[in-house]
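The sequence and structure are shown first.

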Amino acid sequence: MMGDLASVEKREAPAPPASDTAAPAGASAPGVTAAARRFLADLRVEIESHPGVNHLFLGRCATSPFARQDYRVFGENHYPLVCVFTSYLERLLIRAPTSDAKLWLAKVLVDEYGEGSEGEDHATLYGHFLRACGSSVPDRADTVKVPAPAFEFVSEHRRIVSEEPFLVGLGAVGPGHEWAIPKMFDAVIPGLRRAGFTPEEIDYFTLHVEQDVDHGAWLEEALLRFGGTDEARAQIRRGAILSLEARARFWSGVQRAVVRWRQPSAVRVDGASPRTIAREILMTAWDGSPRLRALEAGYDSLLARRRPTIRELIEQSRR
Amino acid sequence: MRVLLVMPTPFENGRLGLENVVWLSEPVALTSVGSAIEDRHEVRVLDLRLEDEDALVRTLSTWKPDVVGTTSMTTDAYQAKAVLRTAKNVCPGVLTLVGGHHPTLCPDEFDFDYVDVIVQGEGEHTLREIMERWSRQREADDRTFDGVKGTRWRDASGVRRVNAKREQTASLDDLPIPNRRLIEKYQGRYFFTAFRPMASIFTSRGCSFDCNFCAIWEFYERRTRFLSAKKIVDQMEACAEPFVFVLDDNFLTNKRRVVELCDEMERRGLKKYWMTQGRTDFAADNPELVARLAKNGLVMLLSGFESNDDDNLAALRKKSSWQKNLRANEILRENGVISTGIFMVRPDWTKEQFAGLYEYVNSLDIGIPLFTILTPLPGTQLYRAYKDKLLTNDHRLFDLLHAVLPTRLPREEFYAEFCRAYDATEKSVRNAYKWFFKARPTFIPKNITSIVWFYARTWRYQRIHGDHRSFLRDEEGLLNGPGAKAGLTWEDVAYPKGDEHVAARADEDAPARAGGKLVKLRIPRRIWADDVAEASAGAGE
Ligand code: B12
Ligand code: SF4
Ligand SMILES: [Fe+2]
């Protein structure tokens with residue numbers, strides 16, 4: 001979630017495009033602007049109260065004394081997202097329907113590449129954090145496979161920015177990230193501090209809370225212009241929600257990883273729907289059979305083999 | 001107003017806890033307090049142990065409650081806080097409350113801006129008053145709760161104010177009966193081992209003993225109150241479930257009331273299987289009463305056997321003996337009552353002591369032996385004695401399955417010994433089944449699906465519990481308590497040795513009937529309520 005339009009320092013908002021093919025028609029009409037404003041206010045509430053942003057795992061980071069070891073697992077799962085965030089913007093840049101839109105995205109990108117953070121791009125910043133957790137993953141990006149939750153998240157975002165309409169993509173990387181991140185990191189940061197990380201080690205996180213709060217204003221400005229029609233608004237909203245649904249699944253996956261490094265054969269969570277006795281027995285029989293377990297492990301490692309390494313993921317996203 | 005009462009998960013989702021396999025109890029704390037305000041407010045109970053991960057946020061954002069309350073034991077404390085923090089994030093105007101054992105005994109741990117009111121002690125009347133006030137004050141967003149006894153609230157400047165203690169309701173009959181319809185959605189999913197579907201009720205509160213590892217008598221300020229026999233049987237009859245768990249910590253304590261209850265059950269011909277918790281000495285001393293209870297449906301009794309050694313029992317102030325344990329167990333199995341025995345291993349144990357315990361359990365033929373590790377739970381007398389010796393402050397490790405004090409054996413060996421408990425006592429379980437089958441020949445065939453269900457789950461649990469490395473990983477990076485910082489070893493911790501009675505004899509309030517065996521640890525006997533009285537005098541109401 002590197003940058004997430006976030007790394008832009010507080011400065012003047014890049015001018016949003018004056019017009020766009022689907023979106024800003026009639027944006028200047030006062031009625032539409034009021035509708036757009038209402039839409040944005042509602043969207044912000046919807047995003048800020050979404051399960052992806054308020055995932056209980058994040059709340060648990062705020063309240064539980066997770067150790068550095070737990071944050072290492074957290075970080076290793078999160079890192080690939082950070083490494084490829086710019087690629088979504090780059091993809092959208094190519095697809096942007098007007099040069100105004102291109103200009104706007106390009107400016108954001110410049111910051112993502114490191115202009116707003118003393119020349120260090122956000123993946124590099126995250127690398128410092130990972131090393132502080134005792135992880136060598138940033139140094140082994142050539143060989144480490146992307147964990148499943150991260151791969152799913154990245155794949156979904158790639159799909160959104162390349163296959164969905166432009167405004168859906170914008171909804172995902174714009175409000176779907178920008179408005180979500182300060183709230184999410186707000187929960188993680190107290191946990192990191194409790195675990196004893198120094199302020200420098202967790203720069204990546206604090207930077208994003210500070211910057212993203214500043215960015216709200218200009219992103220809103222841009223979205224107001226884009227969100228001129230019902231259709232455009234629906235597309236922006238859809239993008240944001242798609243992104244957050246992926247985010248919720250991602251945090252569930254990270255939590256599972258954090259639990260499983262301590263308890264590798266952790267219990268299977270019951271969840272909302274009760275299991276039948278037959279299923280319960282089948283599960284146990286499955287877990288109890290060395291052959292079936294070997295089969296499952298084989299299948300898992302096959303899936304893992306098919307996932308790219310972090311380096312490959314980064315290279316794929318450059319293409 | 002809309003009131004959402006949330007039962008938190010005890011740990012991060014997917015992490016092993018008792019509630020996964022052994023005992024998933026109804027959230028009776030929440031149905032109890034919910035029933036006290038139901039006449040005027042819309043109440044929902046959300047049991048996160050039986051929901052998907054996103055259920056809380058979805059309920060908050062769609063139902064938009066005005067009040068969110070949660071409950072907490074020691075292990076749940078972080079999860080309870082996460083619930084309230086999330087509630088404030090999603091519904092910023094909401095009033096947040098926490099109650100239960102841990103907030104009562106350790107209120108300071110909940111002193112965060114996302115916790116508006118900490119409820120201490122019994123919650124029914126307190127919640128009623130909070131709701132009355134909030135109904136009037138909400139419009140002005142006035143979160144002042146001065147005068148509401150049993151609360152700690154945050155004033156506008158963020159200072160936590162302490163109100164006077166809430167007195168306990170004199171008669172439990174005066175409290176509303178918990179409305180189990182509030183958890184209708186989860187019906188059929190609660191269980192104790194193979195006893196399911198199961199309902200949960202309470203018939204008394206408090207305990208008149210004062211074991212030094214137990215929080216119950218402290219929570220209830222050394223008082224015990226009982227529900228009348230009629231109300232108890234009314235409740236049992238109203239349950240659709242075939243099994244009822246009576247949650248009292250010490251059901252077997254007042255002979256007269258037990259007799260009255262049996263009379264009532266017999267008069268009304270109650271047809272329920274039920275389970276409860278009670279002391280072995282009572283069972284040992286009252287065989288005819290146990291037989292009567294068994295005839296009236298008692299199928300399982302959970303007791304703190306704690307130890308196979310009188311000195312150890314004495315050190316815990318258990319005021320019982322291993323002979324009583326032995327005798328109680330005989331009486332129970334003869335009457336077809338499965339005995340669930342909780343045993344407490346001590347961090348200073350040697351391999352021989354572990355072996356001795358397992359041998360003892362096998363000699364008892366206990367149906368469901370459960371093994372725990374001596375843990376000074378916050379709020380107990382033991383905690384006061386050992387709080388500076390703890391290796392960790394992480395409450396998740398206070399689940400009685402982790403050694404929070406230094407062990408004598410290297411930790412790996414200690415956990416290896418602890419983990420083999422269930423394999424080592426298989427014989428006891430097998431024999432207990434035989435006894436049970438003899439006494440109640442139709443029970444097992446009739447409940448075979450639930451028994452299979454339980455064993456299916458237990459087997460998976462065993463994969464974790466049987467792996468001692470999993471315990472070591474559980475605590476990796478988390479041994480950061482004062483004892484760990486000071487580098488204490490087991491020798492630095494003066495564990496209760498059992499020879500304190502020598503000193504205690506001289507102690508003027510050593511119990512007269514101690515007979516040299518029953519001793520008291522020399523630890524302060526203040527309880528939380530004494531501190532509240534003091535604090536409220538300072539802070540005013
Ligand atoms: C059932 C039970 C369990 C169940 C589930 C708990 C549940 N709540 O569903 C299980 C088996 C999972 C369990 C586990 C443990 N338990 Co337990 N458990 C109980 C038991 C027997 C009954 C709980 C109950 O429903 N009581 C009935 C209700 C009505 O009483 P109450 O909870 O106190 O609620 C009243 C007030 O506290 C207050 N209140 C409570 N919550 C709220 C919320 C609001 C908003 C308000 C306003 C008021 C309020 O109002 C209520 C009505 O007056 C209690 C003993 C007891 N009698 O309470 C022990 C008890 C709570 N458990 C205890 C312990 C030690 C454990 C553990 C072994 C270890 C631990 N550290 O917590 C864990 C293991 C953790 C794990 N998950 O692995 C201790 C708690 C000590 C402590 N300091 O927290 C108790 C008190 C037993 C004892 N003898 O000491 N437990
Ligand atoms: S352990 Fe049992 S007998 Fe002892 S104080 Fe607690 S409830 Fe009472
Ligand atoms: Fe970034």
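How much area is buried between chain B and chain A, and what percentage of that area do carbon and sulfur atoms give?

## Basis of the description

This is a predicted model, in which local features need pLDDT of at least 70 and side-chain atom pairs count only at pLDDT 80 or more, while totals for chains, interfaces and linings use all residues. Residues are numbered from 1 along each chain as its sequence is written, chains are lettered from A and ligands numbered from 1 in the order in which they are written, and side-chain values use heavy atoms, with hydrogens and water left out.

## The interface

About 4200 Å² is buried between chain B and chain A, and carbon and sulfur atoms give 55% of this area. Buried area is the accessible area (1.4 Å probe) that two parts lose on being put together, summed over both. Chain B brings 48 residues to the contact and chain A brings 45, where contact means heavy atoms within 4.5 Å.

Four salt bridges cross between chain B and chain A; the term denotes a side-chain nitrogen of Lys or Arg within 4 Å of a carboxyl oxygen of Asp or Glu. E280(A) and R457(B) form a salt bridge through their side chains, at 3.2 Å from N to O. On the side of chain B that touches chain A, at least two residues each come from helix 3 (55-63), helix 4 (77-90), helix 20 (448-465) and helix 21 (468-475) of chain B. Helices (H or I, at least four residues) and strands (E, at least two) are DSSP runs, numbered from the N terminus. This side of chain B has 20 charged, 17 nonpolar and 11 polar residues, with Ala, Val, Leu, Ile, Met, Phe, Trp, Tyr, Cys and Pro counted as nonpolar, Asp, Glu, Lys and Arg as charged, and the others, Gly among them, as polar.

## Pockets

The largest pocket holds about 1400 Å³ of space. On a 1 Å grid over the protein atoms alone, a pocket is an open set of points with protein on both sides within 12 Å along at least five of seven lines, a cavity is a set of points where a 1.4 Å probe fits but cannot get out, and lining residues have an atom within 4 Å of a point. Grid points are joined across faces, edges and corners, and a volume is the space filled by probe spheres set on the points. The largest pocket has 45 lining residues, with S252(A), G253(A), R256(A), A257(A) and R260(A) closest to its centre. Helix 11 of chain A gives the largest share of this lining, 10 residues.

The second largest pocket holds about 620 Å³. Its lining comprises 28 residues, and G367(B), V429(B), F454(B), Y455(B) and T458(B) lie nearest its centre. Helix 20 of chain B supplies the largest share, seven residues. By class, the lining has 20 nonpolar, five polar and three charged residues.

## Cavities

There are 11 cavities of 30 Å³ or more in the structure.

## Salt bridges in the whole structure

Over all chains, 66 salt bridges are found. One of them joins the side chains of R262(A) and D70(A), at 2.8 Å from N to O. R262(A) belongs to helix 11 of chain A and D70(A) to helix 3 (residues 68-95) of chain A, so the pair ties together parts 192 residues apart in sequence.
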